[in-house]
Amino acid sequence: MDSHGQYEQRVVWAVVGTGIGPLLLAATREGLVSVVFHATDEVRDSALERLASRLGSKPAEDPGSPLLTEAIHQVEAYFAGERRAFDLPLDWSLISGFSREVLRELAAGVPYGTVVGYGDLAGRVGRPEGAQAVGAAMGANPLPVVVPCHRVVESDGGIGGFGGGLEAKRRLLALEGVLPDPLF
(Lines give C-alpha, C1' and ligand atoms only; values in the text may rest on other atoms or scores of the structure.)
Protein backbone atom coordinates (compact mmCIF):
# COMPACT_ATOMS: atom_id res chain seq x y z
CA MET A 1 0.00 0.00 0.00
CA ASP A 2 1.06 3.55 -0.56
CA SER A 3 1.00 6.32 2.06
CA HIS A 4 -2.70 6.95 1.34
CA GLY A 5 -3.77 3.37 2.01
CA GLN A 6 -4.21 2.60 -1.70
CA TYR A 7 -2.73 -0.43 -3.40
CA GLU A 8 0.03 0.59 -5.74
CA GLN A 9 -0.06 -0.69 -9.30
CA ARG A 10 2.53 -3.44 -9.66
CA VAL A 11 3.96 -3.77 -13.15
CA VAL A 12 6.42 -6.55 -13.97
CA TRP A 13 8.19 -7.31 -17.20
CA ALA A 14 10.40 -9.80 -18.99
CA VAL A 15 11.87 -10.19 -22.46
CA VAL A 16 11.14 -13.41 -24.33
CA GLY A 17 13.05 -14.60 -27.39
CA THR A 18 10.77 -15.57 -30.29
CA GLY A 19 10.91 -16.45 -33.97
CA ILE A 20 10.31 -12.78 -34.78
CA GLY A 21 12.83 -11.38 -32.32
CA PRO A 22 12.67 -10.45 -28.65
CA LEU A 23 9.27 -9.45 -27.24
CA LEU A 24 8.83 -7.44 -24.06
CA LEU A 25 5.91 -8.73 -22.00
CA ALA A 26 4.55 -6.59 -19.18
CA ALA A 27 1.79 -7.46 -16.73
CA THR A 28 -0.19 -5.96 -13.88
CA ARG A 29 -2.36 -7.68 -11.29
CA GLU A 30 -5.19 -7.43 -13.85
CA GLY A 31 -3.29 -9.33 -16.55
CA LEU A 32 -0.96 -8.92 -19.49
CA VAL A 33 -0.89 -5.20 -20.29
CA SER A 34 1.75 -4.78 -22.99
CA VAL A 35 3.66 -6.68 -25.66
CA VAL A 36 6.45 -4.78 -27.44
CA PHE A 37 8.27 -5.91 -30.59
CA HIS A 38 12.02 -5.69 -31.19
CA ALA A 39 12.81 -5.42 -27.47
CA THR A 40 16.44 -4.41 -27.78
CA ASP A 41 17.84 -2.46 -24.82
CA GLU A 42 16.90 0.91 -26.33
CA VAL A 43 13.38 -0.14 -27.36
CA ARG A 44 12.84 -1.89 -24.03
CA ASP A 45 13.95 1.13 -22.00
CA SER A 46 11.72 3.48 -24.00
CA ALA A 47 8.73 1.13 -23.66
CA LEU A 48 9.27 0.81 -19.91
CA GLU A 49 9.38 4.61 -19.54
CA ARG A 50 6.07 4.90 -21.43
CA LEU A 51 4.51 2.19 -19.26
CA ALA A 52 5.68 3.91 -16.06
CA SER A 53 4.18 7.17 -17.26
CA ARG A 54 0.86 5.64 -18.34
CA LEU A 55 0.41 3.24 -15.42
CA GLY A 56 1.86 5.36 -12.63
CA SER A 57 4.33 2.72 -11.48
CA LYS A 58 7.87 1.90 -12.49
CA PRO A 59 7.92 -1.58 -14.06
CA ALA A 60 10.19 -4.13 -12.39
CA GLU A 61 11.98 -6.90 -14.25
CA ASP A 62 10.63 -10.14 -12.82
CA PRO A 63 10.42 -13.03 -15.31
CA GLY A 64 9.59 -15.44 -12.48
CA SER A 65 6.59 -13.41 -11.31
CA PRO A 66 3.32 -15.33 -11.14
CA LEU A 67 1.89 -12.39 -13.11
CA LEU A 68 4.14 -13.26 -16.07
CA THR A 69 4.89 -16.98 -15.82
CA GLU A 70 1.83 -18.17 -17.72
CA ALA A 71 2.11 -15.43 -20.35
CA ILE A 72 5.74 -16.38 -21.03
CA HIS A 73 4.80 -20.06 -21.22
CA GLN A 74 1.94 -19.42 -23.66
CA VAL A 75 3.98 -17.09 -25.90
CA GLU A 76 6.79 -19.67 -26.09
CA ALA A 77 4.27 -22.45 -26.86
CA TYR A 78 2.66 -20.32 -29.59
CA PHE A 79 5.98 -19.73 -31.34
CA ALA A 80 6.85 -23.44 -30.99
CA GLY A 81 3.63 -24.27 -32.87
CA GLU A 82 2.14 -25.93 -29.77
CA ARG A 83 -0.56 -23.34 -28.98
CA ARG A 84 -3.23 -21.84 -31.21
CA ALA A 85 -5.04 -19.57 -28.76
CA PHE A 86 -4.02 -17.51 -25.79
CA ASP A 87 -5.90 -17.99 -22.55
CA LEU A 88 -4.61 -15.15 -20.42
CA PRO A 89 -6.15 -12.41 -18.33
CA LEU A 90 -5.64 -9.13 -20.18
CA ASP A 91 -5.36 -5.64 -18.71
CA TRP A 92 -7.06 -3.35 -21.25
CA SER A 93 -6.17 -0.14 -19.39
CA LEU A 94 -3.84 1.16 -22.12
CA ILE A 95 -6.62 1.31 -24.73
CA SER A 96 -10.18 2.58 -24.66
CA GLY A 97 -13.22 3.44 -26.75
CA PHE A 98 -13.58 2.20 -30.30
CA SER A 99 -10.04 0.80 -30.36
CA ARG A 100 -10.73 -1.38 -27.32
CA GLU A 101 -14.02 -2.57 -28.84
CA VAL A 102 -12.29 -3.53 -32.10
CA LEU A 103 -9.42 -5.29 -30.33
CA ARG A 104 -11.79 -7.29 -28.13
CA GLU A 105 -13.72 -8.41 -31.21
CA LEU A 106 -10.45 -9.33 -32.92
CA ALA A 107 -9.29 -11.37 -29.92
CA ALA A 108 -12.61 -13.20 -29.60
CA GLY A 109 -13.69 -13.53 -33.20
CA VAL A 110 -10.68 -14.10 -35.46
CA PRO A 111 -9.15 -17.48 -34.64
CA TYR A 112 -5.72 -18.89 -35.38
CA GLY A 113 -5.13 -19.57 -39.06
CA THR A 114 -7.72 -17.09 -40.32
CA VAL A 115 -7.66 -13.47 -41.42
CA VAL A 116 -10.18 -10.65 -41.56
CA GLY A 117 -10.26 -7.46 -43.61
CA TYR A 118 -10.11 -4.04 -41.97
CA GLY A 119 -13.58 -3.21 -43.33
CA ASP A 120 -15.02 -6.55 -42.27
CA LEU A 121 -13.76 -6.04 -38.74
CA ALA A 122 -15.26 -2.53 -38.73
CA GLY A 123 -18.60 -4.04 -39.75
CA ARG A 124 -18.44 -6.55 -36.91
CA VAL A 125 -18.39 -3.69 -34.40
CA GLY A 126 -21.16 -1.76 -36.13
CA ARG A 127 -19.05 0.74 -38.10
CA PRO A 128 -18.95 -0.64 -41.66
CA GLU A 129 -17.33 2.55 -42.95
CA GLY A 130 -14.65 2.48 -40.25
CA ALA A 131 -11.85 0.55 -41.98
CA GLN A 132 -9.35 3.37 -41.43
CA ALA A 133 -10.32 3.60 -37.77
CA VAL A 134 -9.75 -0.15 -37.49
CA GLY A 135 -6.29 0.39 -38.98
CA ALA A 136 -5.60 3.02 -36.32
CA ALA A 137 -6.80 0.60 -33.63
CA MET A 138 -4.43 -2.07 -34.93
CA GLY A 139 -1.57 0.42 -34.79
CA ALA A 140 -2.48 1.27 -31.18
CA ASN A 141 -2.78 -2.37 -30.07
CA PRO A 142 -0.86 -2.66 -26.79
CA LEU A 143 -1.01 -6.48 -26.93
CA PRO A 144 0.12 -7.57 -30.42
CA VAL A 145 0.51 -11.30 -31.07
CA VAL A 146 -1.75 -12.10 -28.09
CA VAL A 147 -4.47 -9.86 -29.54
CA PRO A 148 -3.71 -10.92 -33.11
CA CYS A 149 -3.61 -7.73 -35.19
CA HIS A 150 -1.38 -9.64 -37.62
CA ARG A 151 -4.58 -11.41 -38.76
CA VAL A 152 -6.06 -8.18 -40.16
CA VAL A 153 -5.39 -7.72 -43.88
CA GLU A 154 -6.49 -5.52 -46.76
CA SER A 155 -9.68 -6.41 -48.63
CA ASP A 156 -7.80 -6.59 -51.95
CA GLY A 157 -5.58 -9.37 -50.61
CA GLY A 158 -2.70 -7.13 -49.55
CA ILE A 159 -1.00 -7.89 -46.27
CA GLY A 160 -1.58 -4.41 -44.81
CA GLY A 161 0.60 -2.69 -42.27
CA PHE A 162 2.01 -3.97 -39.01
CA GLY A 163 3.69 -2.31 -36.04
CA GLY A 164 6.22 -5.11 -35.76
CA GLY A 165 7.17 -4.78 -39.43
CA LEU A 166 5.91 -6.61 -42.48
CA GLU A 167 8.46 -9.41 -42.16
CA ALA A 168 7.19 -10.18 -38.65
CA LYS A 169 3.59 -10.16 -39.94
CA ARG A 170 4.53 -12.56 -42.74
CA ARG A 171 6.26 -14.88 -40.27
CA LEU A 172 3.28 -14.88 -37.90
CA LEU A 173 0.87 -15.61 -40.75
CA ALA A 174 3.20 -18.39 -41.99
CA LEU A 175 3.36 -19.85 -38.47
CA GLU A 176 -0.45 -20.00 -38.52
CA GLY A 177 -0.55 -21.55 -42.01
CA VAL A 178 -2.13 -18.54 -43.72
CA LEU A 179 0.95 -17.85 -45.84
CA PRO A 180 3.66 -20.25 -47.00
CA ASP A 181 6.86 -20.35 -44.98
CA PRO A 182 9.48 -17.95 -46.31
CA LEU A 183 11.94 -19.67 -48.67
CA PHE A 184 14.92 -18.11 -46.91
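Tutor: The expected span of a helix is 1.5 Å times one less than its number of residues; helices (H or I, at least four residues) and strands (E, at least two) are DSSP runs, numbered from the N terminus. The model is predicted, with local features needing pLDDT of at least 70 and side-chain atom pairs pLDDT 80 or more, while totals for chains, interfaces and linings use all residues. Residues are numbered from 1 along each chain, and side-chain values use heavy atoms, without hydrogens or water.

Student: How do you know what span helix α3 reaches, and what is expected of it?

Tutor: Helix α3 covers residues 97-109, which is 13 residues. From its first C-alpha to its last it reaches 18 Å, close to the 18 Å expected at 1.5 Å a residue.

Student: Which residues of α3 are called buried?

Tutor: They are F98, S99, V102, L103 and L106; buried means under 20% relative accessible area, exposed over 50%, and partly exposed in between (1.4 Å probe, protein chains only). Seen down the axis of α3, these buried residues fall within an arc of 130° (taken from the directions from the axis to the C-beta atoms), so they line one face of the helix. On the other side of α3, G97 and A108 are exposed.

Student: What do the buried residues of α3 pack against?

Tutor: They pack against α4 (118-124), α5 (131-139) and β6 (152-153), where contact means heavy atoms within 4.5 Å.

Student: What makes the pair R124 and E105 a salt bridge?

Tutor: A salt bridge requires a side-chain nitrogen of Lys or Arg within 4 Å of a carboxyl oxygen of Asp or Glu. The side chains of R124 and E105 meet at 3.5 Å, N to O, and therefore qualify. This pair links distant parts of the chain, with R124 in helix α4 and E105 in helix α3, 19 residues apart.

Student: Are R124 and E105 called buried, partly exposed or exposed?

Tutor: R124 has a relative accessible area of 41% and is partly exposed. E105, at 24%, is also partly exposed.

Student: How many salt bridges does the structure hold, and where else do they occur?

Tutor: The structure holds 6. Among them, R44 and D41 meet at 3.1 Å, N to O; both lie in helix α1 (residues 41-55), 3 residues apart, about one turn of the helix. D41, R44 and D45 are linked in a network of salt bridges. Another is R171 with E167, at 3.3 Å, N to O; they are 4 residues apart in helix α6 (residues 166-175), about one helical turn.

Student: Why is D41 called exposed?

Tutor: D41 has 52% relative accessibility and therefore counts as exposed. R171, at 37%, counts as partly exposed, and E167, at 39%, is partly exposed.
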